Amino acid sequence: MKTLEEREQREHERQEIIRKAVEAADRIIMDGSDGSCEETNFLTAKVAEKFMIRAFNPFGVDMMRKDLEE
């Protein structure tokens with residue numbers, strides 16, 4: 001079992017990964033946007049939508065597997 005210090009360190013590392021990923025996505029969106037709030041917001045929402053689909057996909061697979069077993 002990991003120590004409290006090791007768990008805290010890993011959590012800090014995860015937060016840094018998340019921060020860097022958001023910054024990278026923001027940079028890519030801003031580089032590709034026409035600069036308007038409307039397009040920037042649209043691109044941000046579409047990126048978020050893709051990540052939400054990716055995050056929820058395993059749950060759908062699990063439910064399909066469960067339904068097939070019953």
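Author: Happy to; what follows is a set of questions and answers about a predicted model.

Reader: Why is Thr-40 called buried?

Author: Thr-40 has a relative accessible area of 12%, and buried means under 20%, so Thr-40 gets that label. Its place is in helix α2.

Reader: What makes the side chain of Thr-40 and the backbone oxygen of Ser-36 a polar contact?

Author: The side chain of Thr-40 reaches the backbone oxygen of Ser-36 at 2.8 Å.

Reader: Where does Ser-33 lie, and is Ser-33 buried or exposed?

Author: Ser-33 sits in the loop between α1 and α2. Its relative accessibility is 13%; buried means under 20%, so Ser-33 counts as buried. A polar atom of the Ser-33 side chain lies 3.0 Å from the backbone nitrogen of Gly-35, and the limit for a polar contact is within 3.5 Å.

Reader: Why is Ala-48 called partly exposed?

Author: Ala-48, in helix α2, has a relative accessible area of 40%. Buried would need under 20% and exposed over 50%, so Ala-48 falls in between and is called partly exposed. Ala-48 and Ala-25 are 23 residues apart in sequence, and their C-alpha atoms are 9.8 Å apart in space.

Reader: Which residues line the largest pocket?

Author: Ala-48 and Ala-25 are both in the lining, and with them come Ile-18, Ala-21, Val-22, Asp-26, Ile-29, Thr-44, Val-47 and Phe-51. The space in this pocket is about 200 Å³. Both α1 (4–32) and α2 (37–69) supply at least two lining residues each, and α1 gives the most, with 6 residues.

Reader: How do you know that the reach of α2 is close to what is expected?

Author: α2 has 33 residues, and from its first C-alpha to its last it reaches 48 Å. At 1.5 Å a residue, the expected value is 48 Å too.

Reader: Where in α2 does the kink lie?

Author: The kink, of about 35°, is at Phe-56, shortly before the proline Pro-58.

Note on methods: Residues are numbered from 1 along each chain as its sequence is written. This is a predicted model: local features need pLDDT of at least 70, side-chain atom pairs count only at pLDDT 80 or more; totals for chains, interfaces and linings use all residues. Side-chain values use heavy atoms; hydrogens and water are left out. On a 1 Å grid over the protein atoms alone, a cavity is a set of points where a 1.4 Å probe fits but cannot get out, and a pocket is an open set with protein on both sides within 12 Å along at least five of seven lines; lining residues have an atom within 4 Å of a point. Grid points are joined across faces, edges and corners, and a volume is the space filled by probe spheres set on the points. Helices (H or I, at least four residues) and strands (E, at least two) are DSSP runs, numbered from the N terminus. The expected span of a helix is 1.5 Å times one less than its number of residues. The bend at a residue is the angle between axes fitted to the seven residues ending there and the seven starting there. Buried means under 20% relative accessible area, exposed over 50%, partly exposed in between (1.4 Å probe, protein chains only). A polar contact is a pair of N or O atoms within 3.5 Å; within protein, one must be able to donate a hydrogen and the other to accept it, and residues adjacent in sequence count only if both atoms are side-chain atoms.
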